[in-house]
Amino acid sequence: MSGTLRPVVLLCALPAAFFVAFFLAPMAVVLIASLATPAGQPTAAHYLRILADAYHWDVLWVTFRIGALTTLVCVLIGYPLAWYLVRIVRWRPWRRFCVILLVVPLFTSNIVRSFGWMVLLGRNGLVNDGLIGLGVIERPMRFLGTELGILIGLVYILLPFIVLAVGNALAKVDPALEHASADLGATPAGTFRTIIFPLSLPGLMAGAVMVFMLAVSAYVTPALLSGGRITVFSMLIFQQYSSVFDFNYGGALSITMLVLTLALVAIAGRIGEPRRA
Amino acid sequence: MSAPILAIDGLSKQFGGQPALTAIDLGVEQGEFIALLGPSGCGKTTLLRCIAGFLTPEAGTIRLAGEDVTRLPPYRRPLNTVFQNYALFPHMSVAENVAYGPRRQGIARDEAARRAGEALELVGLSGFGERLPAQLSGGQQQRVALARAIVNRPQLLLLDEPLSALDLKLRKKVQSELKQIQHRLGIAFLFVTHDQEEAMTLADRIVLMNGGRIEQIGRGRDIYAQPATRFAADFIGDANLLAVARQGDGSCSLLDGALRVPAADAPPGELTGVLRPEDILVATGPVAGRLALPAVVSEIVHVGSHAAVALTVGDAMLTARLAPSALAGLGAGQPVFANIRLSDLRLVPGAA
């Protein structure tokens with residue numbers, strides 16, 4: 001009995017140890033620090049300070065607004081894009097090329113790509129030149145240092161996640177279900193509304209949750225595209241750790257952010273949950 | 001008789017230049033149970049998909065109750081389909097699945113639910129409405145698929161090998177239920193199968209298909225007794241297929257000349273002689289009223305209810321079917337007589 005049990009225990013112990021060492025322990029360190037004074041005395045003062053400070057609430061509001069907008073725009077662009085890749089492209093080499101195009105930017109550094117957007121979105125950047133050339137605007141628009149600029153950068157960086165998640169879900173929808181729906185009298189639009197969209201919803205929610213979490217916790221892209229005019233929560237945390245060296249207060253900020261994000265994700269997760277009878 | 005519920009005229013379909021269906025003509029009367037029978041790749045499923053509207057034929061017309069639906073999309077055709085793997089909507093309960101059709105027809109929720117309840121009762125699944133398809137057994141899922149397809153009361157129901165995923169015992173049970181439901185509803189069933197026994201059991205008429213063409217249409221026992229082609233003779237039941245040599249005088253010679261038959265009314269071209277195993281009487285002597293061919297027993301295979309006796313007649317082989325009681329005294333290597341009647345021998349087109 002124990003002879004067969006021991007390898008199982010060992011096999012489980014390895015990933016468990018990895019999980020504890022690299023996920024649980026750091027989180028515990030941050031959590032404990034957030035509940036302690038620099039001298040090591042337990043305190044809730046950091047959290048009270050965050051709750052009482054209207055500035056933190058403003059920054060949180062900006063952060064979550066950018067996160068929500070990024071998610072929304074990613075969904076609105078990503079779903080049709082995934083649909084195009086999975087349902088419309090019939091020629092496989094082209095589909096493969098599109099997927100590569102989508103995934104390859106993920107291999108390059110966030111910093112490089114965000115710098116790229118700084119160049120594109122600048123006063124004399126390609127975007128302004130193009131818009132003026134098309135006659136859409138007369139004078140260069142301000143993108144850098146606006147929420148719109150951050151939004152554009154985040155959408156660009158996070159779009160692949162939603163396309164891959166939705167594409168995967170759409171590819172799994174059995175074509176026979178669409179036939180059955182049409183056979184029972186549903187128009188193509190009706191079939192999309194009642195069959196395909198509900199079946200792709202878990203994938204869409206997974207992608208949206210991923211995008212939202214990454215957008216809310218993003219540091220590099222907002223930092224580079226904000227031009228110092230807009231502060232998001234991750235920048236506050238970074239300041240505490242890198243400039244102020246207040247690890248306790250920084251920890252409290254991190255935990256606040258984490259709890260709020262998880263709460264929002266939990267609420268959203270209810271929507272995409274597969275039904276149980 | 002009233003107008004056929006389904007009338008197919010000169011239907012042809014190609015896939016990438018390869019013909020999948022060629023010049024299909026078929027009429028189905030109200031309340032008929034039709035089996036589309038044939039080996040895999042014979043075009044029976046393609047034909048079903050053309051009728052349902054998932055494929056558009058290159059030529060020919062499909063009429064449903066007199067109306068030309070050849071170019072109509074599936075959702076505008078007044079028929080329903082039971083799909084091979086049921087294609088139940090996994091995110092909907094059984095009741096929602098069955099109510100889906102009425103709901104898409106614009107029927108109010110309550111009325112749709114009532115009709116769904118009725119359909120579920122008809123297939124013996126009352127009380128299962130709240131479950132999800134994944135919580136049902138294969139046989140139950142099959143019934144839900146049937147309930148979903150009949151809830152709209154179509155005049156024609158298409159069934160795409162609906163029983164192929166069930167085990168043998170369950171299949172027999174569902175077969176008889178299917179037949180009962182078809183009788184109760186009085187709607188025409190067009191049933192795709194590759195199982196000739198299933199087709200014989202269920203269908204009023206069998207449409208035998210091969211290579212994208214219809215080989216023969218008729219009642220199962222008629223096709224068995226009077227196969228129109230070599231393929232029909234071979235596919236329905238067991239048959240001895242004998243090479244036929246046409247003689248100069250217009251007669252035909254079979255079994256290396258042991259059999260000679262007049263062939264004045266036989267079709268032109270190459271012919272095959274068809275002799276069913278049960279039409280051969282094996283005895284140690286000639287039987288009165290029959291033609292006695294000297295033969296040697298080469299092998300006896302017991303299949304339970306009967307035995308297959310392989311005989312050598314000259315260079316040719318014949319298989320006879322005997323009741324176990326008739327086997328007494330027979331053994332391999334024994335000279336016997338294969339007693340046949342010329343009226344049991346059919347000459348059909350096609351090389352043996």
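Helix 7 of chain A passes helix 9 of chain A in a right-handed crossing, the near helix being turned clockwise from the far one by less than a right angle. This is a predicted model, in which local features need pLDDT of at least 70 and side-chain atom pairs count only at pLDDT 80 or more, while totals for chains, interfaces and linings use all residues. Residues are numbered from 1 along each chain as its sequence is written, and chains are lettered from A and ligands numbered from 1 in the order in which they are written.

The axes of helix 7 (residues 147-171) and helix 9 (residues 188-217) of chain A come within 8 Å and cross at roughly 160 degrees, and helix 7 of chain A is therefore roughly antiparallel to helix 9 of chain A, a term for angles over 145 degrees. Among the residues that make this contact are A:Phe161 and A:Ala165 of helix 7 and A:Gly203 and A:Met210 of helix 9, where contact requires C-beta atoms, placed from the backbone, within 7 Å. The residues of the contact divide into 16 nonpolar, 4 polar and no charged.

B:Ala87 counts as buried because it has 24 C-beta neighbours inside 10 Å, the cut-off being 20 or more other C-beta atoms within 10 Å.

B:Glu161 likewise has a positive phi, of about 40 degrees, and lies in the loop between strand 7 (156-160) and helix 5 (168-185) of chain B. With 21 C-beta neighbours inside 10 Å, B:Glu161 also counts as buried.

Technical notes. Axes are lines fitted to C-alpha atoms, for helices over the stretch in contact, and angles run from 0 to 180 degrees between N-to-C directions. Helices (H or I, at least four residues) and strands (E, at least two) are DSSP runs, numbered from the N terminus. Angles under 35 degrees count as roughly parallel, over 145 as roughly antiparallel, 65 to 115 as roughly perpendicular and the rest as oblique. Two residues are in contact if their C-beta atoms, placed from the backbone, lie within 7 Å. Ala, Val, Leu, Ile, Met, Phe, Trp, Tyr, Cys and Pro count as nonpolar, Asp, Glu, Lys and Arg as charged, and the others, Gly among them, as polar. A residue is buried if 20 or more other C-beta atoms lie within 10 Å of its own, exposed if 12 or fewer, and partly exposed in between; C-beta atoms are placed from the backbone.
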